[in-house]
Amino acid sequence: MNTAHPDFDKLHHANPNERAIVIGSGFGGLAAAIRLAAKGYHVTLLEKLDALGGRGYTYRQDGFTFDGGPTIVTVPELFEELWALCGKTMSSDVDLRLMNPFYRIRFDDGRIFDYSNEKSENLRQIREYNPDDARGYERYLKASEARHKVGFDLLDKPFSTLAQLMRFAPDLVRLRGDQSVYTLVSKYIKNEQLRQAVSFHPLLIGGNPFTASSLYSLISHLEVTGGVWSAMGGTGRIVEAMGNLIKGQGTDIRVNTEVDQITTAGGKVTGVRLKSGEHIAANLVISNADSAWTYKHLLSETVKRKWTERRIDKAHYSNGLFVWYFGTKKQYPDIPHHSIILGPRYKSLLTDIFKHKKPTDDFSLYLHRPTATDPSMAPEGCDAFYALVPVPHLDSGTDWTTHAETFRKAVEERLEETGLPGLSENLATSLMLTPLDFQNRLNSVKGAGFSLEPRITQSAYFRPHNKSEEVDGLYLVGAGTHPGAGMPAVLSSAKVIDNLIPAVSHVS
Ligand SMILES: Cc1cc2nc3c(=O)[nH]c(=O)nc-3n(C[C@H](O)[C@H](O)[C@H](O)COP(=O)(O)OP(=O)(O)OC[C@H]3O[C@@H](n4cnc5c(N)ncnc54)[C@H](O)[C@@H]3O)c2cc1C
């Protein structure tokens with residue numbers, strides 16, 4: 001059987017020291033491909049799915065366009081750097097718009113907090129909830145800034161050695177990195193609803209505000225200083241534009257191509273074997289597949305020392321996600337681009353999801369309505385939405401093949417009560433993604449929505465390293481390695497490996 005790809009000869013004749021393979025085209029993989037090609041490597045990008053983007057895949061159905069995952073763009077400079085490496089500017093390819101409000105938070109009693117990009121507007125609303133908390137919020141923002149100063153600097157630095165961790169330890173102690181985001185917020189803000197509005201951010205990256213280190217409160221500073229942005233045409237437009245940058249660099253992109261194994265000899269990477277049986281040789285392999293999946297399924301038992309099956313199984317994984325993409329025949333003009341609809345419980349709901357892995361009847365959700373700013377996402381007169389609900393990962397034992405429709409119906413009812421009346425009669429299209437899809441489609445261990453949970457014992461040095469200690473020539477990018485999940489973090493993980501891998505002129 002001839003399994004060779006048409007580009008096989010080109011690849012085969014390049015010096016293996018100058019070849020790099022990137023497994024997976026999530027934002028981490030795309031950024032790594034751009035950075036390595038800019039360093040002079042002949043890069044091959046291999047993607048299991050039929051299109052690029054990973055969690056940022058675009059679904060199109062019945063004339064509607066749905067961003068599969070990320071919608072909230074922060075720190076656009078990290079994208080702009082990639083364009084600059086290709087001698088281009090991002091704004092020529094992607095139209096980013098500043099959101100105001102950043103998001104609307106709706107509490108269970110129907111009260112609204114529009115989290116604005118104007119501080120004075122936030123302070124005005126805070127005073128309506130509890131006048132004393134206005135001063136507390138300002139003090140909290142200072143605390144968030146202090147954590148940003150320390151934490152953001154570390155995002156693109158490798159944490160491969162204990163010495164690197166020790167350098168950071170005094171700051172960690174000084175800033176009480178052992179405390180949770182919720183504990184930090186509660187120190188400054190007394191009203192429970194405001195505490196929720198200010199502390200939920202770790203959920204955006206798969207963390208529980210009650211266990212995620214207070215260092216993650218840096219996200220608040222990042223939002224108020226850098227803004228919350230959305231791409232016109234959807235986040236998929238960024239993926240498409242990055243794909244074009246990569247093609248322009250001469251990189252081979254192969255979709256519908258799943259890697260079965262990372263091959264090694266004498267403790268060094270020799271390339272990858274595809275599911276088709278084809279072998280592609282390279283001395284440098286960057287895995288953007290989930291780090292736990294990489295160690296569990298892509299490396300042979302004989303080379304695993306640290307990230308053994310047992311350790312991977314014992315790790316804490318982020319929550320799962322139920323995502324319902326739907327289009328409506330009519331528009332709901334009162335719903336902003338980003339909303340968070342909180343349920344009756346906060347701490348105990350999160351404990352059920354993260355700790356007990358207990359399926360619940362009540363939930364909180366994030367509602368995306370891109371048509372609030374971008375009519376191109378739906379046919380004329382219609383709205384495109386997605387509702388994202390944090391749920392336990394697959395250890396809950398939920399059989400999503402049978403439970404998905406029941407759950408979708410519950411989400412639909414909740415949305416009808418909280419701002420989308422008549423939703424069930426106005427549905428034009430519908431599509432669901434459950435933790436089972438995260439496992440089977442995206443190769444995510446336990447169907448986790450965001451890979452390993454961001455807790456202090458699984459961060460920085462304690463997260464799977466960007467440079468693998470198992471085999472020479474293997475590097476990791478993406479949510480499961482340092483610094484973690486979220487677009488800014490996975491783009492930073494590609495910066496980390498850029499700092500670790502020498503330019504081609506130094507390896508040939
Ligand atoms: C619903 C949702 C909403 C989110 N919202 C936001 C947001 O608003 N803002 C934000 O910043 N972040 C958000 N995030 C988080 C963010 O999307 C992710 O952290 C980030 O996109 C993950 O990128 P990654 O580089 O880790 O790769 P992933 O997106 O996980 O992609 C990995 C890729 O590797 C491929 N792959 C796996 N195994 C193989 C193999 N063996 N062979 C070939 N290919 C393989 C997969 O098919 C996949 O395409 C959201 C995530 C989700 C799920």
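Predicted model: local features only at pLDDT ≥ 70, side-chain atom pairs only at ≥ 80, totals over all residues.
**Ligand site**

I started at Asn288, where an N or O atom in the side chain sits 2.8 Å from an oxygen atom of the ligand. I took a polar contact as a pair of N or O atoms within 3.5 Å; within protein, one must be able to donate a hydrogen and the other to accept it, and residues adjacent in sequence count only if both atoms are side-chain atoms. On its own the ligand exposes 1,000 Å², and I find 96% of that buried by the protein. Those accessible areas come from the Shrake-Rupley method with a 1.4 Å probe, and for residues only the protein chains shown count as cover.

Residues are numbered from 1 along each chain as its sequence is written, and side-chain values use heavy atoms, with hydrogens and water left out.

Next I checked the backbone. Gly28 has a backbone N or O atom 2.7 Å from a ligand oxygen atom, and Thr71 has one at 3.0 Å from an oxygen atom of the ligand.

Then I looked up the whole shell. I get 39 residues around the ligand, with Gly28, Glu47, Arg55, Asn288 and Ala479 the closest; a residue is in if one of its heavy atoms lies within 4 Å. By class I have 20 nonpolar, 15 polar and four charged residues. For this, Ala, Val, Leu, Ile, Met, Phe, Trp, Tyr, Cys and Pro are nonpolar, Asp, Glu, Lys and Arg are charged, and the others, Gly among them, are polar.

Helix H2 (27-38), strand S17 (383-391) and helix H17 (487-500) each put at least two residues into the shell, and H17 gives the most, with three. Helices (H or I, at least four residues) and strands (E, at least two) are DSSP runs, numbered from the N terminus. Domain 1 (8-95 + 232-315 + 452-506) and domain 3 (316-440) each send at least three residues to the shell; the bounds come from an automatic or database domain assignment.

**Second largest pocket**

I noted a volume of about 260 Å³ for the second largest pocket. It has 16 lining residues, and the closest to its centre are Leu52, Arg60, Gly236, Val239 and Glu240. On a 1 Å grid over the protein atoms alone, a pocket is an open set with protein on both sides within 12 Å along at least five of seven lines, a cavity is a set of points where a 1.4 Å probe fits but cannot get out, and lining residues have an atom within 4 Å of a point. Points are joined across faces, edges and corners, and a volume is the space filled by probe spheres set on them.

Strand S3 (58-61) and helix H10 (235-248) each supply at least two lining residues, with the largest share, seven, from H10. I count five nonpolar, seven polar and four charged residues in this lining.

**Cavities**

My search of the whole structure turned up four cavities of 30 Å³ or more. The largest cavity holds about 80 Å³. Its lining includes Ile353, Asp362, Trp400 and Phe407. S17 and helix H14 (400-418) are the elements giving two or more residues to that lining, and H14 has the largest share, three.

I found a cis peptide bond from Asn100 to Pro101, omega near 0°, with Pro101 in the loop between strand S5 (96-98) and strand S6 (103-106). The bond from His482 to Pro483 is also cis, omega near 5°; Pro483 is in the loop between strand S19 (474-476) and H17.
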